[in-house]
Protein chains: 2
Amino acid sequence: MTAFAVTELSDVAAIDWIAVDWGTSNLRVSAIGSNGPLATRSSDKGMSCLTRDQFEPALMSLIEDWLPLTRVMPVLACGMVGSRQGWVEAKYRAVPCVPMDQNGLIRVKTHSERIDVYITPGLSQTKPADVMRGEETQIAGALSLYPNFDGVICLPGTHSKWAHISAGEVVSFQTFMTGELYALLSGQSVLRHGLTDAGWDDAAFDSGVDDALSRPEKIAARLFTLRAEALLQNLPSASARARLSGLLIGIELAAAKPYWLGQSVMLIGADSLSDAYEKSLIKQGLNPKKLPSQACIIAGLASVRTPK
Amino acid sequence: MTAFAVTELSDVAAIDWIAVDWGTSNLRVSAIGSNGPLATRSSDKGMSCLTRDQFEPALMSLIEDWLPLTRVMPVLACGMVGSRQGWVEAKYRAVPCVPMDQNGLIRVKTHSERIDVYITPGLSQTKPADVMRGEETQIAGALSLYPNFDGVICLPGTHSKWAHISAGEVVSFQTFMTGELYALLSGQSVLRHGLTDAGWDDAAFDSGVDDALSRPEKIAARLFTLRAEALLQNLPSASARARLSGLLIGIELAAAKPYWLGQSVMLIGADSLSDAYEKSLIKQGLNPKKLPSQACIIAGLASVRTPK
């Protein structure tokens with residue numbers, strides 16, 4: 001377990017509630033006061049390594065010293081913690097709908113009487129079939145920060161999401177396995193032999209995006225070329241890595257074109273990944289607005305904590 | 001080591017030479033007589049698990065009892081055994097060129113004086129950069145069986161190859177990571193959760209191929225749908241597996257269209273995989289001819305054993 005405190009808490013009285021971002025691989029908790037986050041801690045106790053009865057201990061080990069003796073602490077959690085393999089299943093809400101609904105929160109029966117835990121459901125779409133868990137909270141957070149936003153929200157990541165937003169609702173969305181494909185190809189395929197050194201090559205990234213966007217039907221022919229160029233032409237590792245990333249983001253952008261073409265786009269994500277998407281979208285004539293994930297998660301959970 | 005004899009050999013005198021197919025993961029040897037193969041054995045001593053000085057012992061353990069006392073046995077080997085990480089590097093020959101050239105064989109210095117070993121080089125292409133090792137032998141074998149073939153040879157597999165053949169030469173070729181992508185996505189990505197049962201669904205395979213061929217730019221959007229349909233609509237494992245295979249073969253066919261459109265196509269490969277490609281190509285109006293890999297490898301090695 002790694003734990004770090006953003007702020008040392010001398011007085012837990014200032015904590016109004018606790019925000020929990022509980023994904024497949026990680027658990028992150030934030031103590032929230034009247035003016036926003038007071039402290040954040042995280043551990044590697046993600047959903048995938050926990051059995052049902054291990055969720056409460058994993059949470060308590062991070063937050064126990066944040067709990068006052070005299071009142072029950074509200075805890076709001078989002079992410080894979082609400083999946084079928086999670087702590088308690090929070091069934092998907094079907095789009096079109098608002099990204100989060102206070103009435104849709106699932107209350108968890110806990111052993112401890114010092115916490116009152118709610119889990120937010122994810123969203124589902126029937127056709128084409130799609131699901132999200134956690135991103136709906138980030139979308140709700142972005143909309144609480146920009147209540148009049150109409151357009152498209154892109155959340156780059158392991159499973160990138162594109163969501164069409166209108167009148168405060170998620171109208172439709174689409175998931176792309178871009179980050180997972182990158183991890184598999186760069187870490188476990190034959191391409192890994194050409195990606196042994198660190199580094200990055202902006203021009204190679206751009207050429208990958210351009211190539212995939214302009215001729216997406218060629219993607220299956222582009223990947224092995226990275227291996228062959230490494231063998232025959234000593235393609236530098238930094239260039240191969242950046243071009244691979246560009247090719248995969250490029251085919252995502254090609255397939256997501258009906259989402260972003262001519263739209264206002266908001267990007268929510270980790271900085272370097274959002275930067276890569278931002279750069280590519282600017283080249284397509286867009287002017288995306290970037291928001292950090294963590295702030296959106298907390299704003300999203302806050303939006304269902306306090307009645308609007 | 002697994003070893004099996006196609007024919008019990010009572011007399012090694014009938015063996016003229018030994019054909020060796022030495023890939024990344026497997027080693028297969030065939031004793032060849034005047035009328036063709038007499039026996040075949042294989043082991044899991046592929047290139048990737050051997051250091052340089054382990055190649056000769058790995059080979060000898062399979063063929064030692066095939067060696068006569070009174071003469072030196074010619075051994076012809078193709079595949080990754082000739083790569084930089086192999087027994088001896090047999091540098092690529094650049095296309096356009098005939099697939100195999102007797103003068104291009106690389107002789108291996110062995111400890112044993114009972115064998116005389118040659119390795120066949122692979123082929124390379126400068127632009128787009130590409131390489132093959134082993135497939136050139138299958139192509140040579142196909143051309144020795146059909147000397148007047150002009151058209152395209154497709155070799156489905158982990159790294160599928162498409163080669164344009166004219167006047168007995170490989171004019172150009174292109175590699176697709178189709179088989180490796182299928183293995184990674186079905187075995188290690190989030191999609192594996194929906195692929196736990198065995199089985200196959202022909203209609204789902206066809207729909208995957210059709211979808212990817214007609215709208216290849218959508219491929220990045222199609223993959224996660226398999227996961228979502230499993231979660232929301234109980235998509236059967238057999239359908240998910242077949243559709244995934246169809247999508248990946250479909251984008252290969254989309255990118256390889258400049259190769260096969262309006263051409264005579266020959267398929268060389270393992271039966272079930274070649275069948276899947278054959279079916280898809282027939283739907284595109286082609287009439288591919290199928291040849292088995294093993295026969296092509298032996299015919300290819302035989303073509304450089306005996307002066308033409």
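Analyst: Let's start with a term: a salt bridge is a side-chain nitrogen of Lys or Arg within 4 Å of a carboxyl oxygen of Asp or Glu. The general idea is that side chains of opposite charge can pair when their charged atoms come close. Before the cases, some ground rules. This is a predicted model, where local features need pLDDT of at least 70, side-chain atom pairs count only at pLDDT 80 or more, and totals for chains, interfaces and linings use all residues. Residues are numbered from 1 along each chain as its sequence is written, chains are lettered from A and ligands numbered from 1 in the order in which they are written, and side-chain values use heavy atoms, with hydrogens and water left out.

User: Got it. Which residue forms a salt bridge with Asp206(B)?

Analyst: That's Lys279(B), with the closest N and O atoms 3.2 Å apart. The pair links distant parts of the chain, since Lys279(B) sits in helix α8 of chain B and Asp206(B) in helix α4 of chain B, 73 residues apart. Helices here are DSSP runs (H or I, at least four residues), strands are too (E, at least two), and the numbering goes from the N terminus.

User: And how far apart are N and O in the salt bridge of Asp202(B) and Lys279(B)?

Analyst: Their side chains meet at 3.3 Å, N to O. Asp202(B) is in helix α4 (residues 202-214) of chain B and Lys279(B) in helix α8 (residues 271-283) of chain B, so this pair ties together parts that are 77 residues apart in sequence. Asp202(B), at 46% relative accessibility, is partly exposed, and Lys279(B), at 29%, is partly exposed too. For the cut-offs: buried means under 20% relative accessible area, exposed over 50%, and partly exposed in between (1.4 Å probe, protein chains only).

User: What about chain A: which residues are linked with Lys279(A) in a network of salt bridges?

Analyst: Asp202(A) and Asp206(A) join Lys279(A) in that network. For Lys279(A) and Asp202(A), the closest N and O atoms are 3.3 Å apart. Again distant parts of the chain are linked: Lys279(A) belongs to helix α8 (residues 271-283) of chain A and Asp202(A) to helix α4 (residues 202-214) of chain A, 77 residues apart. Over all chains, the whole structure has 20 salt bridges.

User: Then which element supplies the largest share of the side of chain A that touches chain B?

Analyst: α5(A), with 11 residues. That side of chain A divides into 23 nonpolar, 10 polar and eight charged residues. (Ala, Val, Leu, Ile, Met, Phe, Trp, Tyr, Cys and Pro count as nonpolar, Asp, Glu, Lys and Arg as charged, and the others, Gly among them, as polar.) In total, 41 residues of chain A are in contact (heavy atoms within 4.5 Å) with 41 residues of chain B. The two chains bury about 3,500 Å² between them, 69% of it on carbon and sulfur atoms. Buried area is the accessible area (1.4 Å probe) that two parts lose on being put together, summed over both.

User: Next, rings. How many aromatic pairs does the structure hold over all chains?

Analyst: Eight. Take Phe55(B) and Trp87(B): their ring centres are 6.2 Å apart and their planes at 10°, so the pair is stacked. As for the rule, rings of Phe, Tyr and Trp (its six-membered ring) pair if their centres lie within 6.5 Å; planes under 30 degrees apart count as stacked, over 60 as edge-to-face and the rest as tilted. Phe55(B) is buried at 0% relative accessible area, and Trp87(B) is buried at 8%. A tilted case is Trp200(B) with Phe205(B), 5.7 Å centre to centre and 40° between the planes. Trp200(B) is partly exposed at 42%, whereas Phe205(B) is buried at 1%. In chain A, ring pairs link Trp22(A), Phe55(A) and Trp87(A) into a cluster.
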